[in-house]
Structures are given as C-alpha cells and as structure tokens.
Amino acid sequence: MKLTDSIRNLRDVLSDYDVFCHAAEQIAWIDIEERHESFSGKQPLGIYLNGYEFPGEYMRKNRIEAYVRGVLSSIAFYEEWEKDFWNISLPERKYCLEKGRALYGSYAIPRDLRLVERDWNYLRKEIGFFAGEDAVLDSEWKQYLQRFENAEVIETGGWDSADYEYLAVKNDSMLLVSCGYWD
C-alpha cells in the first residue's frame, strides 16, 4: 500500500486523539532502529529529525501503526524515557493515554492538519533551510537522508502557520520531520 493511499486513515489518526489512542493501545512493540537529531542553526529557525527503520515488510503492511510507533518513540526520546516504555500491558497503555492526554496529544495531533503530498526534493530543501544552509550533518545522517531519495512525502501539518511537520517513507524507513520558526 502506498503512503498516499493511507491518507484517509492517516487523517483519522492525526485529527482524532481517540483514534490515535486505539492504534497506540493495539500496537505490537517491535524492535526498531532509531535516529534523532535537532538543529537550530540560525534563530528562530529550528528542526527535529526523527528516523526509524523497521524490520522486513512491516512498513508496507502497517503504515499507520508504523507512524504511531514513530510518534511514541519520539515522545520517549524528547521526554527522556526508556526506549521500551510502551512495552506494557493494554490496561497500562489505556491508563497512560487517558491520564497523559495533554502530553501525548501534543505530540500526536497537530492543530493545523494539512495532509499535502510533497516530493523528496521539496522536503530535502526544507531540511536544508531549517537546519541552516551552513549546517553540516554528520556522515551518518547524510547517508540516512540519501536513502530517502524518491521517498513518498506528506506534509502532515503543524502547530500554526509557521510550523511544518512531514512524514517521509521509503521501503523500511520512515522519517518524521518537525521544523519551523520557533522563538
């Protein structure tokens, strides 16, 4: 299934916290590789890059679950939680999502939902702009980003008109990008 074919389901997960919760409650917590980086080259520009690599055919068969997993993994990273924090029972997951609605919702549900199809070159230019034209990504990130050539990209939204969030998918890799004018 193509990412663009998943837009309706993606819209549901991005616009309704209860739909996000249902997916988060049911998700199988598998081992994945993660990369996280942030840049703020020239204030007030900033960007967060969150990369994920899934095993085997997982991305092809589980696009929405992979997206939800990426959001949960981003929460763990930025809140400085253990990577396997979501490897808990269903009742514990429900409790966390209910009691932590403000926290989880702030990561999961953008205020300005856009769902605009973009191409990789567009997102690559955005990354260069918000990371800073003179920013030098380390070789690990350069190689990782090169692997996204011709990736499917959707601008998912942002918190206001000066924020941008993107989802890029290629093969077994997913990139979540948050960038904007942050002061």
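Leu115 counts as buried, because its relative accessibility is 10%, and buried means under 20%. The residue is found in strand 3. Across space, the C-alpha of Leu115 lies 9.5 Å from that of Arg8, although 107 residues separate the two in sequence. The structure described here is a predicted model.

The chain contains eight helices and six strands. Along the sequence, these elements follow the pattern α-α-β-β-α-α-α-α-β-α-α-β-β-β. The C-alpha atoms occupy a box of roughly 50 × 35 × 30 Å along the principal axes. The radius of gyration is 16 Å, which agrees with the value near 16 Å for a compact globule of 183 residues. Of the 183 residues, 49% count as buried.

Strand 1 spans residues 33-39 and includes Phe39. Phe39 counts as buried because its relative accessibility is 17%. Its C-alpha is separated by 7.7 Å from that of Phe130, which is 91 residues away along the chain. Asp18 is found in helix 2, residues 17-26. With a relative accessibility of 48%, Asp18 counts as partly exposed.

Strand 2 pairs with two other strands. Strand 1 runs antiparallel to strand 2, and seven bridges connect them. Here Glu34 stands opposite Tyr52 of strand 2. Strand 6 is also antiparallel to strand 2, and this pairing has nine bridges. Within it, Tyr48 faces Ser178 of strand 6. Strand 2 is mostly covered, with eight of its nine residues buried.

Strand 4 covers residues 152-158. Seven of its seven residues are buried. Strand 4 pairs with strand 3, residues 112-119, in the antiparallel sense over six bridges. Strand 4 is joined to strand 5, residues 163-170, by five bridges, and these two strands also run antiparallel. A hairpin of four residues links strand 4 to strand 5. Glu155 takes part in both pairings. In one, Glu155 of strand 4 is the bridge partner of Val116. In the other, Glu155 stands opposite Tyr166 in strand 5.

The largest pocket has a volume of about 380 Å³. Its lining comprises 19 residues, and the closest to the pocket centre are Asn50, Tyr107, Trp159, Glu165 and Ser178. Several elements contribute to the lining. Strand 2 (45-53), helix 4 (63-78), helix 6 (101-108), strand 5 and strand 6 (173-181) each supply at least two residues. By residue class, the lining divides into twelve nonpolar, five polar and two charged residues. Most residues other than glycine have a negative phi. Glu80 has a positive phi, near 60°, and is not a glycine. Glu80 is found in the loop between helix 4 and helix 5, the latter at residues 90-99. Its relative accessible area is 73%, so Glu80 is exposed. Asn150 likewise has a positive phi, of about 65°, without being a glycine. Asn150 lies in the loop between helix 8, residues 139-146, and strand 4. At 66% relative accessibility, Asn150 counts as exposed.

Key: Residues are numbered from 1 along each chain as its sequence is written. This is a predicted model: local features need pLDDT of at least 70, side-chain atom pairs count only at pLDDT 80 or more; totals for chains, interfaces and linings use all residues. Side-chain values use heavy atoms; hydrogens and water are left out. Buried means under 20% relative accessible area, exposed over 50%, partly exposed in between (1.4 Å probe, protein chains only). Two strands pair if DSSP finds at least two bridges between them. On a 1 Å grid over the protein atoms alone, a cavity is a set of points where a 1.4 Å probe fits but cannot get out, and a pocket is an open set with protein on both sides within 12 Å along at least five of seven lines; lining residues have an atom within 4 Å of a point. Grid points are joined across faces, edges and corners, and a volume is the space filled by probe spheres set on the points. Ala, Val, Leu, Ile, Met, Phe, Trp, Tyr, Cys and Pro count as nonpolar, Asp, Glu, Lys and Arg as charged, and the others, Gly among them, as polar. The radius of gyration is taken over C-alpha atoms; the globule rule is 2.2 Å times the number of residues to the power 0.38.
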